[in-house]
Amino acid sequence: EDGAKKYDSGLVMKVINEGEGELPSSNDTVKVNYRGYFIDGKEFDSSYKRGQPVEFVLNQVIPCWTEALSKTKVGSKIKIGCPSNIAYGDNDMGPIPAGSTLLFDIELIEIIKNKKDN
């Protein structure tokens, strides 16, 4: 896709809107809205449909998300492609079959700073 960058890990990332906030570190908690779908366009998950963003520690999600969001400024909207080796690999995860390449539209809303300095 035009404007997309492929990284050594296999991550493909395109910045749709560049935010002006800071970059999260791997142990930060982030708040995001996202839509996850397969190459054929079939959606498997969406925080938008639930009407509520999600929060998680960046280094506790699939490697594809950790890598992509660590390169993303707060306020940005990105589109990423995750080959199975940096997503769920050879494991079925609910509606996601083993070996699936996954696509996500992600909006990084906020970094919730880690209150501990250890």
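**Pockets of the predicted model**

Colleague: What volume does the largest pocket have?

Modeller: This is a predicted model, in which local features need pLDDT of at least 70, side-chain atom pairs count only at pLDDT 80 or more, and totals for chains, interfaces and linings use all residues. Residues are numbered from 1 along each chain as its sequence is written, and side-chain values use heavy atoms, without hydrogens and water. A pocket is an open set of points on a 1 Å grid over the protein atoms alone where a 1.4 Å probe fits, with protein on both sides within 12 Å along at least five of seven lines. Its volume, the space filled by probe spheres set on the points, is for the largest pocket about 230 Å³.

Colleague: Which lining residues are the closest to the centre of the largest pocket?

Modeller: Lining residues have an atom within 4 Å of a point. There are 14 of them here, and the closest to the centre are Tyr34, Asp45, Trp65, Tyr88 and Phe104.

Colleague: Which element gives the largest share of that lining?

Modeller: Strands are DSSP runs of E with at least two residues, numbered from the N terminus. Two or more residues come from each of β4 (43-46) and β5 (54-57). The largest share, three residues, belongs to β5.

Colleague: Which element gives the most to the lining of the second largest pocket?

Modeller: This pocket has a volume of about 160 Å³, and Lys79, Ile80, Gly81 and Cys82 are among its lining residues. The elements giving two or more residues are β2 (12-17) and β6 (77-82). With four residues, the most comes from β6.
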